[in-house]
Amino acid sequence: MTTGLLAYLLIPLFTAVLIPFAARTRHRLAGVLANVTLLAGLINVSLTLFNPANLASAFSGLAENGFALLMIFVIYLVALCVTFFSSYFIGNDSTVNRVPYYSLILTSVSAMCGIVTTGDFFTLYIFVEVLAVTSFALITSDDGAKGLEGAIKYFLLTFPASLFIIFGIAFLMLTAGTFSFESLKVIIASGLPVGGVVFAVSLILLGFLIKSGVVPFHTWTPDAYEGAYAPVSAYLAGIVTKVSGVYAVIRISMILRLFEIKAYHTAEVLMFLGMLSIVVGALAALRQNEFKRMLAFSSISQVGYIILAAGMGTPLALLGAVFHLVNHATFKTVLFLNSASLEKSAGTSDMNKLGGMEHSMPWTSWTSIVALLSTAGVPPLSGFWSKLIIIIALWDGGAKIYAVTALLFSVVTLAYFMVMQRKVFFGKPTEASRNAREVRPAMLVPVVGMCLLIAALGAFFPYIYAYLVEAIAARTIL
Amino acid sequence: MTNSFALDWYFITLIFTAGLYCMLVSRNLLRQLIGLEIMSKSALLGVISAGALTGNLALAQALIITMIVIEVVIVAAGLSLLVKNYRLTNSIDIWSLDKLRG
Amino acid sequence: MTYHTLLFILTAAAAVAAVMMKDLLMSALMLALVSVGASLILFDFQAPWAAVFELSVCAGLITVLFVSAVSLIRREENKLEDNRMRFYAMPLVMGLAAIAAWFYAVPFFESLENWARFGGRVNSLGAVLWDIRRFDLLGQISILAAGVFVINSIFPRRKKQK
């Protein structure tokens, strides 16, 4: 646990408790309070991250845990985009109840900060459960039958996965007597036999793989994303499932690589599952008709890249995984928020019923193009760099078949996004899209801001790379 | 002392199997929740058994108290999802959840 | 020793009964019996705090929640014909599982026991909770807050509608 970062966890929780009292009569106040809290947190974390002194010294003098700080930045950014977007998205006639909605978002932000700041498996487990519990309620926040269905499917898969984590923790207590990452490192360094510890950590890893929705366990992901209330699906896909599953997988693989040859089989399985997710996700995304469902399968495919790199386990691959996690949060938030805008103004997100939206919604169309080019890894956008790092790391690590397949499937990514762009934004206007209007400017602010960030992350890549090497690789990975 | 630890875990495996079987065969959402509860009981017994063997009993108790608090919130969330689904669709059949396909 | 094993047998039998009962209310009560069994096992392990928690919260509160949910959906329960054959087949499946576990799981756990690393530095629960696991208390607070918001979100108090 890092006490210096505790404020990022406590303040959202405090505001979440405050909202039901402060906004009892004036429900709009809930959104304002949530936005202000998240904005303050974002400014604070940006000041620490982009401090001129830090930039000048290439982040070597950063006092805090660099990985946690970067993740907190992403969490606050995505959460702020979603709350700002939804404060305009929720209309007056909506069935969404504002007060619990914003309280839940702030509680989940607090839980996510807990996940990224902790250095202990059991605390990680507690905050993952908090996050899961808040996600169900967020998915069903528009009272629709689809959302309820997605939530129940999520429920029935995620809690059996938690049991694997608990059994892993029990075995960890048996074989190591401790749960903290640091003392595990000490035990590994002591040179005693660690076969039992590898077994326990692998069991925990299995639980987190189910929670992150890699391919054999992916069935809940598209349902939950499609059924969820529109801004919530951006929140889920952008950050919630990534922190609750994928972050933990990266964190565990940082420990796994210290076992070296003893955790060989676990790493092999991890890489295989990552590859399988890339392939199945991309191929399934090609034949979807529903916009959000296609984005969900694309999300599975991108998670595959992260898992593949985490399984590779070299420092460069882990850096690629971390950077791709950050990039995935930015571009997937843009795409899902755009799907929410489409749903609001055209009334549907079925790709066969849409067409020619670039005339009526030019901003939405262009931000989608930026985000999808970044997803597909087109230079000089940010997604290109992270995929490049991952593929180079795979090639260097000797996994040449995996490297070539990963490269090929980033072309497939481009293909399915081009199909989507042609169906939805280009071509002849259809019945639904003729009446559509561009959403109000305030709702475009989050997506345009995110697109600028995508471009900036690509353009200032040397700085980002310095940050990754100095603040994450040198301290957390070792 | 005979091998108490292995025997404990033998029964823990059996309780876990019972819960898993319940979740696999039943279509009733409430029964799925009961199966989940039985499985988490077995996980709880696993934690205390591992703690007792290694002399970490106080640590194991601390974990179990936290786990119980989490369990209550999860059950409450699951039951409220179930009741809301029942009000909306008049059904607790898991097979009626088939609107999302693709 | 035998008392210990008997408690485990009781808990396992209650778990099987909870799955097999046709009536949902009886299933919920059997689940409470599983909790009571688990609580007695905790007492037997010299873990009184956890046992009291288990007895009051799991056997008490969760049973109340389950029973009230069952009574809310009472009408539906009879219409849904679960395939009862599968439940009647359960003793057979459990018997097979018990035999298989005896031959595969027991040696596995015996080998796992050799990995055990003995700890036992701190022996008071309060010291552990406060000194080592202080962050967990924060986690407990946030999950309770989350629970309240979830219930509030799923069952809002509507004044205008209906």
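**Close-up views of a three-chain model**

**Figure 1. Helix α11 of chain A.** Helix α11 of chain A covers residues 230-256, 27 residues in total, and at 1.5 Å a residue it should span 39 Å; the C-alpha atoms at its ends lie 37 Å apart, which agrees. This is a predicted model, as are the views that follow. At Lys242(A), α11(A) bends by about 60°. Of the 27 residues in α11(A), 26 are buried, so the helix is mostly covered.

**Figure 2. The contact between chains A and B.** Chain A contributes 32 residues to this contact and chain B contributes 29 residues. On the side of chain A that touches chain B, two or more residues come from each of α6 (121-139), α7 (145-175) and α10 (220-227) of chain A. The largest share belongs to α7(A), with 19 residues. Sorted by class, the residues on this side of chain A are 20 nonpolar, four polar and eight charged.

**Figure 3. Gly150 in helix α7 of chain A.** Gly150(A) sits in helix α7 of chain A. Is Gly150(A) buried or exposed? Gly150(A) is buried, because 30 other C-beta atoms lie within 10 Å and the cut-off for a buried residue is 20 or more. Gly150(A) and Tyr225(A) are 75 residues apart in sequence, yet their C-alpha atoms are 7.5 Å apart in space.

**Figure 4. The contact between chains B and C.** Here 65 residues come from chain B and 72 residues from chain C. The elements of chain B that give two or more residues to the side touching chain C are α1 (4-25), α2 (29-54) and α3 (57-89). With 25 residues, α3(B) gives the most to this side. The side of chain B that touches chain C has 41 nonpolar, 16 polar and eight charged residues.

**Figure 5. The largest nonpolar core.** This core holds 278 residues, and the members that touch the most others are Ile72(A), Ile75(A), Ile169(A), Ala309(A) and Val322(A). Its largest share, 20 residues, comes from α3(B). Which residues does Val322(A) touch, leaving aside those up to four places away in sequence? They are Phe67(A), Ile250(A), Leu468(A) and Ile472(A).

**Figure 6. A cis peptide bond in chain A.** The peptide bond from Pro379(A) to Pro380(A) is cis, and its omega is near 5°. Most peptide bonds are trans. Pro380(A) lies in the loop between α16 (362-376) and α17 (382-396) of chain A.

**Figure 7. Chain C and its domains.** Chain C has eight helices and zero strands. The domain assignment divides chain C into domain 1 (1-80), domain 2 (81-117) and domain 3 (122-156). Taken over C-alpha atoms, the centres of domain 2 and domain 3 of chain C are 33 Å apart. Of the 162 residues in chain C, 33% are buried. Among contacts in chain C with a separation of 6 or more, 52% join residues 24 or more positions apart.

**Figure 8. Gln46 in a loop of chain C.** Gln46(C) is in the loop between α2 (24-44) and α3 (48-72) of chain C. The phi of Gln46(C) is near 65°, a positive value in a residue other than glycine. Most residues other than glycine have a negative phi. Why does Gln46(C) count as exposed? Gln46(C) has 11 C-beta neighbours inside 10 Å, and a residue is exposed if that number is 12 or fewer.

Definitions and conventions:
Residues numbered from 1 in each chain as written. Chains lettered and ligands numbered in written order. Predicted model: local features only at pLDDT ≥ 70, side-chain atom pairs only at ≥ 80, totals over all residues. Contact = placed C-beta atoms within 7 Å. Helix = DSSP H or I, 4+ residues; strand = E, 2+ residues; numbered from the N terminus. Nonpolar A, V, L, I, M, F, W, Y, C, P; charged D, E, K, R; others polar. Expected span 1.5 Å × (residues − 1). Bend = angle between axes of the 7 residues up to and from the residue. Domains from an automatic or database assignment. Core = buried A, V, L, I, M, F, W, Y, C linked by C-beta atoms within 7 Å.
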